[in-house]
Amino acid sequence: MNVPILNLKRQYESIKDELTEAMNSVLEAQNFILGAQVKELETDIAKYTGAKYAIGVGSGTDALLLAMKAAGIGPGDEVITTPFTFVATADTILLTGATPVFVDVDPKTFNMDARLVREAVTEKTRAIVPVHLYGQSVDMDEIMNIARENNLAVIEDVAQAIGGKWNGQGLGSIGTAGCLSFFPSKNLGCFGDGGMIVTNDDKLAEVAGMLRKHGGKDKYNVDILGHNSRLDTLQAAVLIVKLKYLDEWNRGRQQLARAYNDAFDGVEGITTPIKDGRAEHIYHQYTIRTTKRDELQAHLKAEGVGSMVYYPVALHKQKLFNDTARIHGNLTEAERATEEVLSLPIDPLQSEDETAYVIEKVKGF
Ligand SMILES: *Cc1c(COP(=O)(O)O)cnc(C)c1O
């Protein structure tokens, strides 16, 4: 048997007719740039996350960049974030002209340690970028307390966590702004690049809306230096269809996570994901840790089971950040995580046989 880490083709086949119809309606209308479907999806996503506004942009990366710029972050500022994430979380900080400040992660959740965030604040700090890694919320109570006490913006990186919650509140709607990615492999993925900013802040929404189209309210009379970064109408049409299935898919992921947890509970050498009781975890990834990670991954590969290491190199170990970032304290938990994590197939449409096969092969090792 072969169990890939993700089977997008299967998801596509399951809703192909609806998707084809939605895409055809865009082709018929030829309204490719900021067409009606973009507005419709923005309304849907605002409602879904519990935020007042949603602004469709070209990618999750651009959502981070434009949200930070709209929050006024720029040269001379410091932005506190995690080194255990995808590069986009912090290269966008550099792109604003600000300096990323890395704090270590909590080894239980792999998320930024709020206690260290508090320590890392200086008079240059302007924002915190918490990443809800693998679909589980950061401790947003503490992050929001620190932000209030120090007058900081909070730009949530929700690329992996759409539909996740903290104390019942939708991720993305808690901080100053939330940034979503519709990259094809995300829980809500389109057929290319896409992203969205959600926010309750009137001013930030207005500025972000300008930044995505060159910085003007009026196309031919521009106010500020902006970008060309809009969510395509075609992608919005795809996402409107897929959003209807997102809760069902996320529940499927949670069910698979429970099955894996039950199967691996007490298995020596494997630590299953630890869930914070205040978080609704939507398992973008199901990530175990083991000190024999590379051997386990090779074994699974030989048996036809896909797996991935998110992430093999912490950001502060990457050349880009050598002279551009500040490190607070040490980052040993993040470094240890890069050596021990392994994500297993958690495709909501995977069959019970496939799940049983993955379990058998992990246990077999
Ligand atoms: C995917 C991802 C991004 C970037 O999103 P893109 O849509 O690929 O630009 C940012 N942060 C995290 C944590 C991600 O997983």
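## His284 and its surroundings

The side chains of His284 and Gln285 are linked by a polar contact of 3.4 Å (a pair of N or O atoms within 3.5 Å; within protein, one must be able to donate a hydrogen and the other to accept it, and residues adjacent in sequence count only if both atoms are side-chain atoms). His284 sits in the loop between strand E10 (279–280) and strand E11 (286–289); strands here are DSSP runs of at least two residues, helices (H or I) of at least four, numbered from the N terminus.

Is His284 buried or exposed? His284 is buried, with a relative accessible area of 6% (buried means under 20%, with a 1.4 Å probe and protein chains only). Beyond its neighbours within four places in sequence, His284 has contacts, among them Tyr134, Gln160, Lys186 and Arg253 (contact means heavy atoms within 4.5 Å).

## About the model

This is a predicted model, where local features need pLDDT of at least 70, side-chain atom pairs count only at pLDDT 80 or more, and totals for chains, interfaces and linings use all residues. Residues are numbered from 1 along each chain as its sequence is written, and side-chain values use heavy atoms, leaving out hydrogens and water.

## Around the ligand

Now for the ligand: 16 residues surround it, and the closest are Gly60, Thr61, Asp157, Ser181 and Lys186 (a residue counts if one of its heavy atoms lies within 4 Å). Asp157 has a polar side-chain atom 2.8 Å from a ligand nitrogen atom. On the oxygen side, a polar side-chain atom of Ser181 is 2.6 Å from a ligand oxygen atom, and an N or O atom in the side chain of Gln160 lies 2.9 Å from an oxygen atom of the ligand.

Conventions. Buried < 20%, exposed > 50% of the residue type's maximum accessible area, 1.4 Å probe, protein only.
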